[in-house]
Amino acid sequence: MNRLSERIATFIDHLAHERRASAHTRGAYRRDLNAVAEWLGERAVDDWSRVTPADLREFMAARHRGGLAPASLARNLSALRSFYVWQMREGWVRANPAVDVRAPKRASKLPETVDVDDLAGMLDVVPEAEIDIRDHALLELFYSAGLRLAEAIGLDTVDLDTSAGEARVLGKGARQRTVPVGRRAIDALERWLLIRPGWADADEPALFVSQRGRRISRSSVAARMDAWARRHGLPVHLHPHKLRHSFATHVLESSADLRAVQELLGHAHIATTQIYTHLDFAHLARVYDAAHPRARLGGDDGPPDRGEPLG
């Protein structure tokens with residue numbers, strides 16, 4: 001083991017015993033730092049204190065040319081920064097050469113949504129089996145209120161007010177908000193509440209419970225949702241966050257009120273919500289290409305390739 005690798009091993013021990021980092025996190029740090037150490041070793045750099053910002057920029061560029069995704073490069077750079085912060089605290093290096101190095105910009109990825117008519121076809125059913133009644137109520141609530149998975153499974157019965165058509169949700173950062181719940185979702189929830197006492201003990205607070213009477217798990221919700229979608233002919237894979245994206249996009253398309261969508265989603269910053277304005281434009285562009293008589297400027301060549309939607 002050379003000096004570079006020895007320092008990495010000491011850092012990984014520090015992560016394990018002082019910062020209580022998980023095995024997954026330690027493994028990621030080890031892989032990222034070993035990749036840097038191997039690259040430095042090939043260039044006869046045998047001491048972390050000799051590494052310069054130019055070295056790290058060259059390393060990042062080489063990894064980028066090798067096909068590593070921008071997200072992976074950003075993680076690698078983050079590992080280096082943390083590694084150097086720790087070395088500076090230990091007094092082994094005097095500067096952090098990674099601090100001013102920038103990873104390549106990540107390509108923006110738009111959220112996936114489900115078509116309004118496809119969702120209606122999947123939700124406009126009258127379930128008969130008790131487990132289907134519960135699943136239907138969950139799906140309606142996800143789409144009606146745009147909830148995150150953790151928010152939905154964290155709901156207690158006392159958080160739901162069916163007469164007012166609203167639910168009290170605990171979101172990210174322990175921020176609480178009240179969200180409106182639509183009529184169809186309320187109908188589905190009331191059907192579920194009629195049979196819920198047969199599933200859960202009287203002192204069980206959770207709104208949605210499993211067949212064992214306990215709060216339903218994240219994995220169970222995801223699996224049941226996907227199974228429901230396939231059973232009812234939805235042509236795309238469905239997961240809870242896709243319903244949240246669909247909720248936001250459909251409300252924004254109809255209202256054009258970004259601030260209202262931000263409040264409904266519980267986003268702390270409007271910038272987070274603005275991704276849906278890009279999606280809205282992409283949708284409008286497709287409608288334009290399909291509908292406007294002058295959109296097909298190339299005759300039979302089809303609509304213009306718009307590439308990446310606006311960033």
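A salt bridge is taken here as a side-chain nitrogen of Lys or Arg within 4 Å of a carboxyl oxygen of Asp or Glu. By this rule the predicted model contains 17 salt bridges.

One of these pairs joins D32 and R75, whose closest N and O atoms lie 2.9 Å apart. D32 belongs to helix α2 (residues 23-41) and R75 to helix α4 (residues 70-90), so that the pair, 43 residues apart, links distant parts of the chain. The two partners are assigned to separate accessibility classes: D32 has a relative accessible area of 3% and is therefore buried, the limit being under 20%, whereas R75, at 42%, is partly exposed.

A further salt bridge is formed between R168 and D159, with 2.9 Å between the closest N and O atoms. R168 is partly exposed, its relative accessible area being 33%, while D159 counts as buried at 14%.

Helices α6 and α9 were examined as a packed pair. Two packed helices are described by the angle between their axes and the distance between the axes. For helix α6 (residues 130-145) and helix α9 (residues 218-231), the axes come within 11 Å and cross at roughly 95°. Because angles of 65 to 115 degrees count as roughly perpendicular, α6 and α9 are assigned to that class. On the α6 side the contact is made by I131, D132, R134, D135, H136, L138, L139 and F142, and on the α9 side by V221, R224, M225, W228 and R231. Seven of the residues in this contact are nonpolar, five are charged and one is polar.

D132 pairs with R231, the closest N and O atoms being 3.1 Å apart. With D132 in helix α6 and R231 in helix α9, the partners are 99 residues apart, and the pair links distant parts of the chain. D132 is buried, with a relative accessible area of 14%; R231 is partly exposed at 48%. Both residues take part in a network of salt bridges that links D132, R134, D135, R224 and R231.

The C-alpha atoms of R259 and T273 are separated by 8.4 Å in space, the two residues being 14 residues apart in sequence.

Terms used:
Residues numbered from 1 in each chain as written. Predicted model: local features only at pLDDT ≥ 70, side-chain atom pairs only at ≥ 80, totals over all residues. Heavy atoms only, no water. Axes fitted to C-alpha atoms, helices over the stretch in contact; angles between N-to-C directions. Helix = DSSP H or I, 4+ residues; strand = E, 2+ residues; numbered from the N terminus. Parallel < 35°, antiparallel > 145°, perpendicular 65-115°, else oblique. Contact = heavy atoms within 4.5 Å. Nonpolar A, V, L, I, M, F, W, Y, C, P; charged D, E, K, R; others polar. Buried < 20%, exposed > 50% of the residue type's maximum accessible area, 1.4 Å probe, protein only.
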